[in-house]
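I opened the notebook to log what I looked up in this structure. The entries follow in the order I made them.

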Amino acid sequence: VNNVINNKNKSKKNEPWEDLHSKGYAARKKENYPLAIEYYTKAIDLNNNYFKALFNRGFAYDKIGKYDLAIKDYTDAISIEPDNAYAYYNRAISNDKKGDINSTIEDFSKAISILPGKSDFYLNRAYTYRKNKEYNNAILDYSEVIKLDSKSFKAYYNRGLCYEKIMNFDLSYIDFKQSLNLELENLKISNNEPIELIVTNV
């Protein structure tokens, strides 16, 4: 799931580009991505070093399938904040959608090196490794997810798939069984509440 950056500091008078960014964010929340892009672009025209507008325009471009433009915006955002893990993470997702496996793995790895405690980062890199048939690397990442989040049935299930691919059926069976137990437990806890994707704000 891509991350999106929202305005947080409302204590001081906004610069014109910040107001435009806020309008872009409001359009994004309504899933009007072309309008969001228009506002973000106006903000960038006023301040071409405005990280949030570049980052969020990249997010909007990704949502409408313009992956090259998304990657360019994330790359420009990274040049401004080279230690922002979420910019690498989002660029990895756009690279994955474009089919560039090597760049995807490289960007997920960079995001992990900056924020090593984020289970989603490992989960997505593991998924990329699995697609690339690098099953042992995927197993290592799914194991890391389980260390960080012991109730991740997705990690157990997908690690089980990888064990199956390398013919380790005993470990595969254990992981499938654990994923099923966790999934049933999760369904009991949710008590039929609607499932919602959570987008992290930075």
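**Entry 1**

I began with D175, which is buried at a relative accessible area of 3%. Buried here means under 20% relative accessible area, exposed means over 50%, and partly exposed lies in between (1.4 Å probe, protein chains only). I noted that the model is predicted: local features need pLDDT of at least 70, side-chain atom pairs count only at pLDDT 80 or more, and totals for chains, interfaces and linings use all residues. Residues are numbered from 1 along each chain as its sequence is written, and side-chain values use heavy atoms, with hydrogens and water left out.

D175 sits in helix α10. Helices (H or I, at least four residues) and strands (E, at least two) are DSSP runs, numbered from the N terminus.

Which side chain makes a polar contact of 2.6 Å with that of D175? I found R159 there. A polar contact is a pair of N or O atoms within 3.5 Å; within protein, one must be able to donate a hydrogen and the other to accept it, and residues adjacent in sequence count only if both atoms are side-chain atoms.

I then listed the contacts of D175, leaving aside neighbours within four places in sequence: Y156, Y157, R159, G160 and Y163. Contact means heavy atoms within 4.5 Å.

**Entry 2: elsewhere on α10**

D170 also lies in α10. It counts as exposed, at 63% relative accessibility. I checked its C-alpha against that of G160, ten residues apart along the chain, and got 9.4 Å.

L171 belongs to α10 too, which runs over residues 169–190. L171 is partly exposed, with a relative accessible area of 34%. Together with Y173 and I174, L171 forms a nonpolar surface patch of about 310 Å² accessible area. Patches take residues with over 30% relative accessible area and no salt bridge; like charges are joined within 9 Å, and nonpolar side chains (Val, Leu, Ile, Met, Phe, Trp, Tyr) within 5 Å. A salt bridge is a side-chain nitrogen of Lys or Arg within 4 Å of a carboxyl oxygen of Asp or Glu. Accessible areas come from the Shrake-Rupley method with a 1.4 Å probe, and for residues only the protein chains shown count as cover.

**Entry 3: the whole chain**

I counted ten helices and zero strands in the protein chain. Of its 202 residues, 41% count as buried. The accessible surface is about 11,600 Å², and 50% of that belongs to carbon and sulfur atoms. Among contacts with a separation of 6 or more, 50% join residues 24 or more positions apart.

**Entry 4: α5**

Helix α5 covers residues 85–98. Its 14 residues reach 20 Å from first C-alpha to last, close to the 20 Å expected at 1.5 Å a residue. The expected span is 1.5 Å times one less than the number of residues.

How many of the 14 residues of α5 are buried? Eleven are, so I logged α5 as mostly covered. They include Y86, R91 and N95. The buried residues pack against α3 (51–63), α4 (67–80), α6 (101–114) and α7 (119–131).

At the start of α5, a side-chain oxygen of N84 comes within 3.1 Å of the backbone nitrogen of Y86. Just after α5, G99 has a positive phi of about 90 degrees.

**Entry 5: α3 and α1**

α3 is mostly covered, with eleven of its 13 residues buried. Among them are F51, R57 and D62. The cover includes α1, α2, α4 and α5. G65 follows α3 with a positive phi near 80 degrees.

In α1, the buried residues include E18, H21 and R28. Their cover includes α2 (33–46) and α3. E31 comes after α1, and its phi is positive, near 60 degrees.

**Entry 6: positive phi in loops**

Most residues other than glycine have a negative phi. I therefore looked up the exceptions.

K133 has a phi near 65 degrees, a positive value in a residue other than glycine. K133 is in the loop between α7 and α8 (135–148). K133 is exposed, with a relative accessible area of 62%.

M167 has a positive phi of about 65 degrees and is not a glycine. Its place is the loop between α9 (153–165) and α10. M167 counts as exposed at 59% relative accessibility.
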